[in-house]
Amino acid sequence: EKLAQLEGLDTFEERLEVCNQALNEDENYAEALVARARVRFALAKRKALETEETSPSALVEPALKDLGQAEIINDALPGLHLFKAELLLFQGNRTQAITSLSKAKQYDPDGEYGALAEGLQEFVNRRVDRAIDAYNTSIQRNPKFVPAYLARARAFLAKYDYPNAQRDAEQASDLDSSNADALTLQAEAR
């Protein structure tokens, strides 16, 4: 599978190229659109740091466009809805984000995505302990699921539990050394 190459790549530009190649081969490859959306958002955040662009809408627009196309092709991808919720929360659109989290739970009720979506919904509603319980479930279902470690690290930070936040951020970084969020969370937990 073309997207399996993403794990070994160090730069966002390389990842974007692999996503674009996959989409050139099959424009209806929904998973490639979701992966490209993630890369585009990461690149937009990096560019914002360089140019002082502060508009959340401008940062998420290209990624949301890819996710919209992916939804048309295959709406049943829980990872699509989780990432869409993340982008909507970044924009401050809590209501639509919760709708996306509900879809992720619907499409993966017994998997790591469903548990992560449950945790994010609890976190958005400021029920941090319940969120951590759901993140624990997500990690139990898939011990290599980086988004669950990142989410749990954020929840521990919200509780001022810096050692556990640091541990989860380090675990996420060990699993995906190119994950900028893991590095940011490690710095915040120190």
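By salt bridge I mean a side-chain nitrogen of Lys or Arg within 4 Å of a carboxyl oxygen of Asp or Glu. Glu122 is buried, at a relative accessible area of 6%. The cut-offs are these: buried is under 20% relative accessible area, exposed is over 50%, and partly exposed is in between, with a 1.4 Å probe and protein chains only.

Ground rules next. This is a predicted model, so local features need pLDDT of at least 70 and side-chain atom pairs count only at pLDDT 80 or more, while totals for chains, interfaces and linings use all residues. Numbering runs from 1 along each chain as its sequence is written, and side-chain values use heavy atoms, with hydrogens and water left out.

Back to the charges. The structure holds 15 salt bridges. Another one joins Arg46 and Glu13, at 2.1 Å between the closest N and O atoms. Arg46 sits in helix H2 (residues 30-51) and Glu13 in helix H1 (residues 12-25), so this pair ties together parts 33 residues apart in sequence. Arg46 is partly exposed, at 33% relative accessibility. Glu13 is partly exposed too, at 40%.

Then Lys159 and Asp129. Their side chains meet in a salt bridge, 2.5 Å from N to O. Lys159 is in the loop between H8 and H9, and Asp129 is in helix H7, so the pair links parts 30 residues apart in sequence. Lys159 counts as partly exposed at 40% relative accessibility. For Asp129 the relative accessible area is 48%, again partly exposed. Elsewhere, salt bridges with shared partners join Glu71, Asp75, Lys84 and Lys103 into one network.

Now the overall fold. The protein has 10 helices and zero strands. Helices are DSSP runs of H or I, at least four residues; strands are runs of E, at least two; numbering starts at the N terminus. How does the radius of gyration compare with a compact globule? For 190 residues, such a globule would be near 16 Å; the protein has 16 Å, which agrees. That radius is taken over C-alpha atoms, and the globule rule is 2.2 Å times the number of residues to the power 0.38. The C-alpha trace spans about 45 × 35 × 30 Å along its principal axes. Buried residues make up 45% of the 190.

The largest nonpolar core has 29 residues, and Leu82, Leu116, Tyr135, Leu150, Ala172 and Leu185 touch the most other members. A nonpolar core here is a set of buried Ala, Val, Leu, Ile, Met, Phe, Trp, Tyr and Cys residues joined through side-chain atoms within 4.5 Å. H8 gives the largest share of this core, nine residues. A second, separate core of 27 residues includes Leu6, Leu33, Val34 and Phe41. Take Leu150 from the largest core. Leaving out residues up to four places away in sequence, Leu150 touches Ala172, Asn179, Asp181, Ala182 and Leu185. Contact means heavy atoms within 4.5 Å.

Buried or exposed? Gln186 is buried, with a relative accessible area of 10%. The Gln186 side chain reaches the backbone oxygen of Ala169 at 3.4 Å. With residues up to four places away in sequence not counted, Gln186 touches Gln166, Ala169, Glu170 and Ser173.

Methods: A polar contact is a pair of N or O atoms within 3.5 Å; within protein, one must be able to donate a hydrogen and the other to accept it, and residues adjacent in sequence count only if both atoms are side-chain atoms.
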